[in-house]
Amino acid sequence: EVRVADPDACGMRRATGSWAMNMLLNGGPLMYRRMQRYGARLIGSDADVLVMCHDRIYIETAMIRAARESGAATVLIQEGPFCSIAHGGARAPVLRLKGALAPLATTSGLLPKIPGYGCAGHDLILAASPEYRARWIDAGVQQDRVRVGGVPRYDPLALLPATNALSSDGVLRVLYLTQPFAAHGKVDAQVAAELETMVADGLRMVAGRMPVELTIRVHPRAEAEH
């Protein structure tokens, strides 16, 4: 059975593209309590564990609180190898402004505090690597609550021989997934551009040695130059 945790099902009306502003316009703490009650209904009374890959959006933190109230544990599986854990201040001006105003809304009780990724008080975190585990511990998560679990959806890649990348016609087929890190305001734009150029140069070098078929999957928020 598939159940979708949709904030709209709680009666939320989205007037803007900002989750925080929509929460305020829909009653702030009143809407958050409605989300928790909604989460409790979705989880039910006989659940043992709630497994998540993200825990920062209001509906997600509401689900975590609902799980605790029902006696269920929560486990976070790191959603992938590109998660920012205690990465410091945002670089994008809009994100910096939101970060500066956030304490005013949370200390006044108008909005619940948004935790850092994985820092919502889970019973267990499954990190993608020992390095990420160390990041969580440095961010204040108890050592016994963080274990290394890899990236489960990448597991099938370990079973593929390297020769499988070459088709019967000798063409190397490469799938490149773009990530607009600079646009997200999480990394320096110049550093991101240098690394993207490095990847492009590497692909160009390979293409000079053998036939290459390159497929680019563009991130929904990426611009054409990415």
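User: Helices (H or I, at least four residues) and strands (E, at least two) are DSSP runs here, numbered from the N terminus. With that settled, where does cysteine 83 lie?

Analyst: Cysteine 83 sits in the loop between S2 and H4. Before we go on, this is a predicted model, where local features need pLDDT of at least 70 and side-chain atom pairs count only at pLDDT 80 or more, while totals for chains, interfaces and linings use all residues. Residues are numbered from 1 along each chain as its sequence is written, and side-chain values use heavy atoms, with hydrogens and water left out.

User: Is cysteine 83 buried or exposed?

Analyst: Cysteine 83 is buried, because its relative accessible area is 7%. The cut-offs are under 20% for buried, over 50% for exposed, and partly exposed in between, with a 1.4 Å probe and protein chains only.

User: What does cysteine 83 touch?

Analyst: Skipping residues up to four places away in sequence, cysteine 83 touches Gln78, Tyr117, Tyr132 and Arg135. A contact means heavy atoms within 4.5 Å.

User: OK, zooming out. How many helices and strands does the protein have?

Analyst: There are 6 helices and 6 strands, and along the sequence they run α-α-β-α-β-α-β-α-β-β-α-β. The C-alpha trace spans about 60 × 40 × 35 Å along its principal axes.

User: What share of the residues is buried?

Analyst: Of the 226 residues, 28% are buried. As for contacts with a separation of 6 or more, 64% of them come from residues 24 or more positions apart.

User: Switching to H3. Which of its residues are buried?

Analyst: H3 covers residues 58-70, and its buried residues are Tyr58, Ile59, Glu60, Thr61, Ala62, Met63, Ile64, Ala66 and Ala67. They pack against helix H1 (19-25), helix H2 (29-43), strand S1 (49-52) and strand S2 (73-77).

User: What follows H3?

Analyst: Glycine 71 does, and its phi is positive, near 90°.

User: What about H6, how many residues does it have?

Analyst: H6 (residues 189-207) has 19 residues and reaches 27 Å from first C-alpha to last, close to the 27 Å expected at 1.5 Å a residue. That expected span is 1.5 Å times one less than the number of residues.

User: Which residue reaches the backbone nitrogen of glutamine 190 at the start of H6?

Analyst: Aspartate 188 does, with a side-chain oxygen within 2.9 Å of that nitrogen. Leucine 195 counts as partly exposed because its relative accessibility is 48%. Leucine 195 and arginine 33 are 44 Å apart, C-alpha to C-alpha, and 162 residues apart in sequence.

User: Last one, valine 174: which strand is it in, and what does it touch?

Analyst: Valine 174 is in strand S5 (residues 172-177). Its contacts, leaving out residues up to four places away in sequence, are Leu203, Val212, Glu213, Leu214 and Thr215.

User: Why is valine 174 called partly exposed?

Analyst: Because the relative accessible area of valine 174 is 23%.

Conventions
Polar contact = N/O pair within 3.5 Å; in protein donor to acceptor, adjacent residues only side chain to side chain.
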